[in-house]
Amino acid sequence: MDRSSKNRLTERMLPHFPGDNLFDRIARAVCRAGCLPRKELYEAWEVARRVHRRFRGGRVVDLAAGHGLLAQVLLILDRELKEGIGVDLRVPQSAARLSCEIRAEWPVAADRFSLLEQDLSLVELHPGDIVVSAHACGSLTDLVLERAVASRCRVAVLPCCHDLRSCDDGGIGGWLDGPLAVDVTRAARLRSQGYRVYTQSIPLDITPKNRLLMGEPL
(Lines give C-alpha, C1' and ligand atoms only; values in the text may rest on other atoms or scores of the structure.)
Protein backbone atom coordinates (compact mmCIF):
# COMPACT_ATOMS: atom_id res chain seq x y z
CA MET A 1 0.00 0.00 0.00
CA ASP A 2 1.25 3.48 -0.89
CA ARG A 3 1.32 5.27 2.46
CA SER A 4 2.02 8.62 0.77
CA SER A 5 -1.18 8.55 -1.28
CA LYS A 6 -3.39 11.64 -1.15
CA ASN A 7 -6.45 9.57 -2.09
CA ARG A 8 -9.19 9.65 0.51
CA LEU A 9 -9.66 6.64 2.73
CA THR A 10 -13.20 5.29 2.37
CA GLU A 11 -15.12 2.22 3.46
CA ARG A 12 -13.76 0.40 0.39
CA MET A 13 -10.37 0.41 2.14
CA LEU A 14 -11.64 -1.29 5.30
CA PRO A 15 -10.33 -4.76 4.26
CA HIS A 16 -6.79 -3.33 4.29
CA PHE A 17 -7.01 -2.80 8.07
CA PRO A 18 -8.42 -6.06 9.48
CA GLY A 19 -6.38 -6.32 12.68
CA ASP A 20 -7.27 -5.80 16.33
CA ASN A 21 -4.22 -3.60 16.90
CA LEU A 22 -4.75 0.06 17.74
CA PHE A 23 -3.55 1.41 14.40
CA ASP A 24 -5.96 -0.74 12.39
CA ARG A 25 -8.84 0.27 14.65
CA ILE A 26 -8.03 3.97 14.15
CA ALA A 27 -7.61 3.40 10.41
CA ARG A 28 -11.05 1.80 10.19
CA ALA A 29 -12.59 4.80 11.96
CA VAL A 30 -10.88 7.10 9.44
CA CYS A 31 -12.13 4.94 6.56
CA ARG A 32 -15.69 5.08 7.83
CA ALA A 33 -15.47 8.88 8.13
CA GLY A 34 -14.38 9.01 4.48
CA CYS A 35 -12.81 12.46 4.64
CA LEU A 36 -9.03 12.11 5.04
CA PRO A 37 -6.24 11.16 2.64
CA ARG A 38 -4.28 8.03 3.44
CA LYS A 39 -1.12 10.10 3.92
CA GLU A 40 -2.64 12.09 6.80
CA LEU A 41 -3.58 8.93 8.69
CA TYR A 42 -0.01 7.64 8.59
CA GLU A 43 1.50 11.05 9.39
CA ALA A 44 -0.74 11.52 12.41
CA TRP A 45 -0.04 8.01 13.68
CA GLU A 46 3.75 8.23 13.33
CA VAL A 47 3.94 11.71 14.88
CA ALA A 48 1.60 10.78 17.73
CA ARG A 49 3.61 7.65 18.60
CA ARG A 50 6.85 9.63 18.86
CA VAL A 51 5.29 12.45 20.85
CA HIS A 52 3.67 9.95 23.20
CA ARG A 53 7.01 8.27 23.90
CA ARG A 54 8.53 11.60 24.88
CA PHE A 55 5.72 13.60 26.53
CA ARG A 56 2.85 12.52 28.78
CA GLY A 57 -0.05 14.19 30.53
CA GLY A 58 -1.29 17.76 30.55
CA ARG A 59 -3.32 19.09 27.64
CA VAL A 60 -2.61 18.59 23.94
CA VAL A 61 -3.19 21.57 21.64
CA ASP A 62 -3.11 20.77 17.92
CA LEU A 63 -2.51 24.00 15.97
CA ALA A 64 -3.37 24.19 12.26
CA ALA A 65 -5.22 20.99 13.10
CA GLY A 66 -7.46 20.48 10.08
CA HIS A 67 -9.69 17.57 11.14
CA GLY A 68 -7.85 17.27 14.47
CA LEU A 69 -6.76 13.67 13.92
CA LEU A 70 -3.33 14.13 15.55
CA ALA A 71 -4.76 15.39 18.84
CA GLN A 72 -7.40 12.65 18.86
CA VAL A 73 -4.84 9.91 18.30
CA LEU A 74 -2.78 11.31 21.18
CA LEU A 75 -5.85 11.28 23.43
CA ILE A 76 -6.41 7.62 22.54
CA LEU A 77 -2.76 6.79 23.27
CA ASP A 78 -2.42 8.76 26.50
CA ARG A 79 -5.11 8.49 29.16
CA GLU A 80 -3.12 10.95 31.28
CA LEU A 81 -3.99 13.76 28.87
CA LYS A 82 -6.77 15.67 30.58
CA GLU A 83 -7.93 17.48 27.45
CA GLY A 84 -7.24 17.91 23.75
CA ILE A 85 -8.17 20.74 21.44
CA GLY A 86 -7.67 21.18 17.73
CA VAL A 87 -7.51 24.73 16.38
CA ASP A 88 -7.71 25.89 12.79
CA LEU A 89 -8.69 29.13 11.10
CA ARG A 90 -11.15 27.12 9.02
CA VAL A 91 -12.36 23.78 10.35
CA PRO A 92 -13.56 21.41 7.59
CA GLN A 93 -17.25 20.52 7.79
CA SER A 94 -16.27 16.86 7.47
CA ALA A 95 -14.36 17.06 10.77
CA ALA A 96 -17.61 16.25 12.57
CA ARG A 97 -17.80 12.89 10.75
CA LEU A 98 -14.33 11.95 11.92
CA SER A 99 -15.08 12.96 15.51
CA CYS A 100 -18.27 10.90 15.40
CA GLU A 101 -16.38 7.77 14.28
CA ILE A 102 -13.71 8.30 16.96
CA ARG A 103 -16.43 8.70 19.58
CA ALA A 104 -18.05 5.41 18.56
CA GLU A 105 -14.83 3.54 19.42
CA TRP A 106 -13.25 5.73 22.11
CA PRO A 107 -15.97 7.73 23.87
CA VAL A 108 -13.74 8.62 26.83
CA ALA A 109 -11.12 10.14 24.52
CA ALA A 110 -13.81 11.91 22.48
CA ASP A 111 -15.28 13.49 25.62
CA ARG A 112 -11.92 15.19 26.20
CA PHE A 113 -11.63 16.63 22.68
CA SER A 114 -12.94 19.81 21.09
CA LEU A 115 -12.27 21.48 17.75
CA LEU A 116 -12.16 25.28 17.57
CA GLU A 117 -12.34 27.57 14.55
CA GLN A 118 -10.03 30.35 15.67
CA ASP A 119 -6.93 32.37 14.80
CA LEU A 120 -3.91 30.41 16.08
CA SER A 121 -2.36 33.54 17.55
CA LEU A 122 -5.36 33.98 19.87
CA VAL A 123 -5.28 30.51 21.46
CA GLU A 124 -4.51 30.62 25.18
CA LEU A 125 -1.66 28.25 26.05
CA HIS A 126 -0.38 27.08 29.44
CA PRO A 127 2.99 25.70 30.62
CA GLY A 128 1.62 22.16 31.04
CA ASP A 129 0.41 21.95 27.44
CA ILE A 130 1.83 19.84 24.62
CA VAL A 131 1.60 21.92 21.44
CA VAL A 132 1.65 19.85 18.26
CA SER A 133 1.37 20.64 14.58
CA ALA A 134 1.76 18.34 11.57
CA HIS A 135 2.64 20.11 8.33
CA ALA A 136 1.78 23.69 9.26
CA CYS A 137 2.89 25.30 6.01
CA GLY A 138 5.90 27.59 5.77
CA SER A 139 6.19 30.26 8.44
CA LEU A 140 3.08 28.90 10.17
CA THR A 141 5.43 26.37 11.80
CA ASP A 142 7.45 29.28 13.18
CA LEU A 143 4.29 30.80 14.64
CA VAL A 144 3.51 27.48 16.36
CA LEU A 145 7.03 27.37 17.83
CA GLU A 146 6.86 31.00 18.94
CA ARG A 147 3.51 30.48 20.68
CA ALA A 148 4.76 27.35 22.43
CA VAL A 149 7.99 28.99 23.60
CA ALA A 150 6.19 32.10 24.86
CA SER A 151 4.10 29.91 27.19
CA ARG A 152 6.92 27.42 27.97
CA CYS A 153 4.98 24.51 26.51
CA ARG A 154 6.31 21.21 25.29
CA VAL A 155 6.18 21.27 21.51
CA ALA A 156 6.37 18.98 18.47
CA VAL A 157 6.22 20.11 14.85
CA LEU A 158 6.50 18.34 11.51
CA PRO A 159 7.38 21.26 9.18
CA CYS A 160 6.53 21.46 5.50
CA CYS A 161 6.39 23.84 2.54
CA HIS A 162 9.50 25.75 3.58
CA ASP A 163 9.20 29.22 2.08
CA LEU A 164 12.79 30.37 1.80
CA ARG A 165 11.64 33.97 1.34
CA SER A 166 9.91 34.14 4.72
CA CYS A 167 11.63 31.40 6.77
CA ASP A 168 15.01 32.02 8.42
CA ASP A 169 17.76 29.71 7.15
CA GLY A 170 20.22 30.99 9.79
CA GLY A 171 22.71 32.03 7.14
CA ILE A 172 23.70 28.41 6.50
CA GLY A 173 21.80 27.96 3.25
CA GLY A 174 25.13 27.95 1.43
CA TRP A 175 26.12 24.72 3.20
CA LEU A 176 22.81 22.94 3.55
CA ASP A 177 19.78 22.40 1.38
CA GLY A 178 17.44 25.35 2.00
CA PRO A 179 14.59 23.53 3.82
CA LEU A 180 17.11 21.61 5.96
CA ALA A 181 18.89 24.87 6.84
CA VAL A 182 15.54 26.32 7.97
CA ASP A 183 14.79 23.32 10.22
CA VAL A 184 18.32 23.26 11.68
CA THR A 185 17.92 26.96 12.49
CA ARG A 186 14.57 26.24 14.14
CA ALA A 187 16.15 23.55 16.32
CA ALA A 188 19.06 25.85 17.25
CA ARG A 189 16.70 28.70 18.11
CA LEU A 190 14.59 26.41 20.28
CA ARG A 191 17.71 25.29 22.14
CA SER A 192 18.87 28.90 22.62
CA GLN A 193 15.50 29.68 24.24
CA GLY A 194 16.10 27.19 27.03
CA TYR A 195 14.65 24.03 25.51
CA ARG A 196 15.93 20.50 25.40
CA VAL A 197 15.65 19.56 21.74
CA TYR A 198 14.87 16.18 20.19
CA THR A 199 15.20 15.63 16.44
CA GLN A 200 13.60 12.59 14.84
CA SER A 201 11.98 11.65 11.55
CA ILE A 202 8.96 9.69 10.44
CA PRO A 203 9.25 7.14 7.60
CA LEU A 204 10.28 8.68 4.29
CA ASP A 205 7.78 6.59 2.34
CA ILE A 206 4.97 8.57 3.99
CA THR A 207 6.34 12.02 3.20
CA PRO A 208 9.68 13.53 2.15
CA LYS A 209 8.90 16.35 4.61
CA ASN A 210 9.55 13.97 7.46
CA ARG A 211 11.66 15.87 10.02
CA LEU A 212 10.06 15.93 13.46
CA LEU A 213 11.28 18.63 15.84
CA MET A 214 10.38 18.28 19.53
CA GLY A 215 11.36 20.30 22.54
CA GLU A 216 10.63 20.75 26.23
CA PRO A 217 11.61 23.59 28.58
CA LEU A 218 14.64 22.88 30.78
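Seven strands, given as 7 in the order S3-S2-S1-S4-S5-S7-S6, form an open sheet with mixed pairing. Two strands count as paired if DSSP finds at least two bridges between them. Strands (E, at least two residues) and helices (H or I, at least four) are DSSP runs numbered from the N terminus. Strand S3 (113–117) and strand S6 (195–201) are at the edges and have a single partner strand each, so one side of each lacks a neighbour in the sheet. On average, neighbouring strands of the sheet are turned by 15° against each other, direction ignored.

This is a predicted model, in which local features need pLDDT of at least 70 and side-chain atom pairs count only at pLDDT 80 or more, while totals for chains, interfaces and linings use all residues. Residues are numbered from 1 along each chain as its sequence is written, and side-chain values use heavy atoms, with hydrogens and water left out.

## Strand pairs

| Strand pair | Bridges | Direction |
|---|---|---|
| S1 and S2 | 6 bridges | parallel |
| S1 and S4 | 4 bridges | parallel |
| S4 and S5 | 6 bridges | parallel |
| S5 and S7 | 3 bridges | antiparallel |

Buried means under 20% relative accessible area, exposed means over 50%, and partly exposed lies in between (1.4 Å probe, protein chains only). On the S2 side, Val61 stands opposite Ile85. On the S4 side, Val60 has Ile130 as its bridge partner, and Asp62 has Val132.

From S1 the chain crosses through H3 to S2 in a right-handed β-α-β crossover. A crossover is called right-handed if, with the strands pointing away from the viewer, the path from the first strand over the helix to the second runs clockwise. Helix H3 is itself mostly covered, with 8 of its 9 residues buried. Among these buried residues are Leu69, Gln72, Leu74 and Ile76.

Strand S5 has 7 of its 7 residues buried. Arg154, Ala156, Leu158 and Cys160 point one way from S5, whereas Val155, Val157 and Pro159 point the other way. Val155 is the bridge partner of Val131, and Ala156 has Met214 in S7 as its bridge partner. The chain passes from S4 through H6 to S5, and this β-α-β crossover is also right-handed.

Contact here means heavy atoms within 4.5 Å. Axes are lines fitted to C-alpha atoms, for helices over the stretch in contact, and angles run from 0 to 180 degrees between N-to-C directions.

H6 also packs against helix H7 (residues 178–192), at an angle of about 10° and with the axes 11 Å apart. That makes the two helices, H6 and H7, roughly parallel. Angles under 35 degrees count as roughly parallel, over 145 as roughly antiparallel, 65 to 115 as roughly perpendicular and the rest as oblique. H6 contributes Thr141, Asp142, Leu145 and Val149 to the contact, and H7 contributes Arg186, Arg189 and Leu190.

## Nonpolar cores

The largest nonpolar core has 43 residues, and Phe17, Leu41 and Val51 have the most contacts inside it. Helices H1, H2, H3 and H4 and strands S4, S5 and S7 each supply at least two residues of this core. A nonpolar core is a set of buried Ala, Val, Leu, Ile, Met, Phe, Trp, Tyr and Cys residues joined through side-chain atoms within 4.5 Å. Not counting residues up to four places away in sequence, Val51 touches Leu74, Ile130, Val132, Ala156 and Met214. A second, separate core of 21 residues includes Val123, Cys153, Val155 and Leu213.

## Positive phi angles

Most residues other than glycine have a negative phi. His135, which is not a glycine, has a positive phi of about 60°. His135 is in strand S4 and is buried, with a relative accessible area of 15%. Arg152 has a positive phi near 55°. Arg152 lies in the loop between H6 and S5 and is partly exposed, with a relative accessible area of 32%.
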